[in-house]
Amino acid sequence: MKRRAARTVSTALAVALSAGTAALAPAAQAAQPKHGHEATRTALRALVEQGGLPGAAARVRDSKGSWFGRSGYADTSTGRKRSAGDHFRGASITKTFVATVLLQLEAEGRLNLDDTVERWLPGLLRGNGHRVTLRRLLNHTSGIPNYTDDPDFIHDAAGPGFPEHRYDTHTPEGLVAIALRRPPQPGPENEPAYSNTNFIVAGMVIEKVTGRGYAQEITRRILRPLNLHGTSFPGTASHMPKPHPVGYSRLHQDAPDAEIHNATEQNMTWLGAAGDVISTGGDLNRFQRALVKGHLLPPRQLKEMFDEVPAGPGIGYGLGVEFAQLSCGVKVVGKSGRTNGSLSAMVGTQDGEHQLTLNINGDWLPDSSLYIDVIEAEFCGKIPPRADRTPRADRTPAVPPLR
């Protein structure tokens with residue numbers, strides 16, 4: 001497998017959108033465009049017809065209410081269509097939930113984001129925990145190596161070894177140990193380096209502080225209060241709740257004629273607190289709306305979450321979130337995720353008035369601009385000319401994240 005395919009989490013939503021600069025304060029957010037969803041519908045069709053993907057679905061919430069759009073199939077063998085209630089694997093969208101819980105714990109005085117990992121998990125980082133703070137975990141400035149960059153690990157978890165290893169169970173300690181076999185990420189003080197390991201450690205901190213796993217804390221602090229009945233963190237359970245699309249995977253092989261596998265069932269402990277969430281479009285829109293409107297965090301912690309760290313031209317991270325400026329000037333905040341058989345995005349305006357959740361039940365994307373176009377279409381009301389959506393040579397290639 002080529003190294004680019006193996007780097008499963010190196011590209012954030014901000015990169016995929018050729019993102020802009022710092023996030024706007026809520027009062028400065030651009031007004032919601034006055035348009036329907038025809039451009040979004042067109043962009044969804046292009047994903048399937050031009051991108052060769054099995055199916056795509058988008059759930060929108062704005063001032064006019066909710067809207068659902070789809071193209072292609074949930075199951076290509078039966079012709080079943082995507083539905084508004086579909087459950088899907090959100091992968092790294094999990095990170096926003098984990099960051100929210102840590103910020104809630106800070107607001108309760110139970111920890112401080114400037115605490116070191118060593119304070120809560122002594123010895124875990126083998127002598128380096130004293131210089132890594134919880135904040136640096138959440139904004140990817142820790143320098144901790146990314147365990148999903150390990151070629152042997154990713155070969156089995158998401159590559160050609162997946163059919164044999166799809167039900168393997170991994171522990172957080174084991175994933176951290178894989179990461180620590182690799183050299184530190186370069187230059188964390190000046191530029192973030194995306195690492196799944198950061199959120200594996202963050203999940204371990206939640207358990208240390210509360211005595212309960214991250215999934216239990218997210219459930220009692222977020223899912224139950226918001227009535228997110230379609231959202232879960234399955235742990236070792238490999239099945240999907242119904243209804244759900246079939247998750248089609250090329251096992252991240254670049255060849256256009258690569259064999260397609262049914263990757264619907266898988267043990268997601270290989271991502272754990274970095275990416276095991278199952279959810280629906282409606283649930284993720286409700287979660288993001290509640291989050292950015294301040295219903296889950298006090299003002300101080302929400303400000304911390306949206307404190308952007310530049311990560312190079314057009315790229316920035318908050319705490320468990322990413323920022324992007326679209327071609328029409330609208331800024332969005334959100335999170336993306338990609339895992340075997342599923343590619344998703346949860347984005348919205350920072351005033352909380354307009355949300356989009358997108359899911360594709362396939363994990364390949366020959367033309368990344370087709371993915372970007374759905375988000376551009378919904379928030380700008382049009383699909384930009386190719387010249388406007390193609391990254392400049394000095395930008396990171398706009399490749400959707402594989403998380």
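Student: What makes strand 10 and strand 11 count as paired, and in which sense do they pair?

Tutor: This is a predicted model, and here the bridges settle it. Two strands pair if DSSP finds at least two bridges between them. Strand 10 (residues 322–325) and strand 11 have four bridges, so they pair, and the sense is antiparallel. As a landmark, Ala 324 stands opposite Val 332 in strand 11.

Student: How many residues sit between strand 10 and strand 11 in their hairpin?

Tutor: Five residues lie between them, and Gly 329 in that turn has a positive phi of about 95°.

Student: How do you know that strand 11 pairs with strand 12, and how do the two run?

Tutor: Again, at least two bridges are needed. Eight bridges join strand 11 to strand 12 (residues 342–349), so the two pair, and they run antiparallel. Gly 334 stands opposite Val 347 in strand 12. The hairpin of strand 11 and strand 12 has two residues between the strands, and Gly 341 takes a positive phi near 85° there.

Student: Why is strand 11 called mostly covered?

Tutor: Buried means under 20% relative accessible area. In strand 11 (residues 331–339), nine of the nine residues are buried. In a regular strand the side chains alternate between the two faces of the sheet. Here, Lys 331, Val 333, Lys 335, Gly 337 and Thr 339 point one way. Val 332, Gly 334, Ser 336 and Arg 338 point the other way, and all of these residues are buried.

Student: Is Val 330 buried or exposed, and what value says so?

Tutor: The relative accessible area of Val 330 is 5%, which is under 20%, so Val 330 is buried. Val 330 lies in the loop between strand 10 and strand 11. From C-alpha to C-alpha, Val 330 and Phe 379 are 7.1 Å apart in space, although 49 residues apart in sequence.

Student: What makes Cys 328 and Cys 380 a disulfide?

Tutor: Their S to S distance is 2.0 Å. The cut-off is within 2.5 Å, so the pair qualifies. The link joins distant parts of the chain, 52 residues apart: Cys 328 is in the loop between strand 10 and strand 11, and Cys 380 is in helix 14 (residues 368–380). The angle about the S-S bond is -70°, and the link is left-handed. A search of the whole structure finds one disulfide.

Student: Why is Cys 328 called partly exposed?

Tutor: Its relative accessible area is 36%, between the 20% and 50% limits, so Cys 328 is partly exposed. Cys 380 comes in at 13%, under 20%, so Cys 380 is buried.

Student: How many aromatic pairs does a search of the whole structure find?

Tutor: It finds seven.

Student: What makes the rings of Phe 97 and Phe 233 a pair, and which kind of pair?

Tutor: Their centres are 5.7 Å apart, within 6.5 Å, so they pair; their planes are at 80°, over 60, so the pair is edge-to-face. Phe 97 is in helix 4 (residues 94–107) and Phe 233 is in the loop between helix 11 and strand 5, 136 residues apart. Phe 97 and Phe 233 are buried.

Student: Why is the pair of Tyr 214 and Phe 233 classed as it is?

Tutor: With centres 6.3 Å apart and planes at 85°, the rings meet both cut-offs, within 6.5 Å and over 60, so this pair is edge-to-face. Tyr 214 is in helix 11, 19 residues from Phe 233. Tyr 214 has a relative accessible area of 16%, under 20%, so Tyr 214 is buried.

Student: Which residues do ring pairs link into a cluster?

Tutor: Phe 97, Tyr 214, Phe 233 and Phe 287.

Key: Residues numbered from 1 in each chain as written. Predicted model: local features only at pLDDT ≥ 70, side-chain atom pairs only at ≥ 80, totals over all residues. Heavy atoms only, no water. Buried < 20%, exposed > 50% of the residue type's maximum accessible area, 1.4 Å probe, protein only. Phe/Tyr/Trp six-rings, centres within 6.5 Å; stacked < 30°, edge-to-face > 60°.
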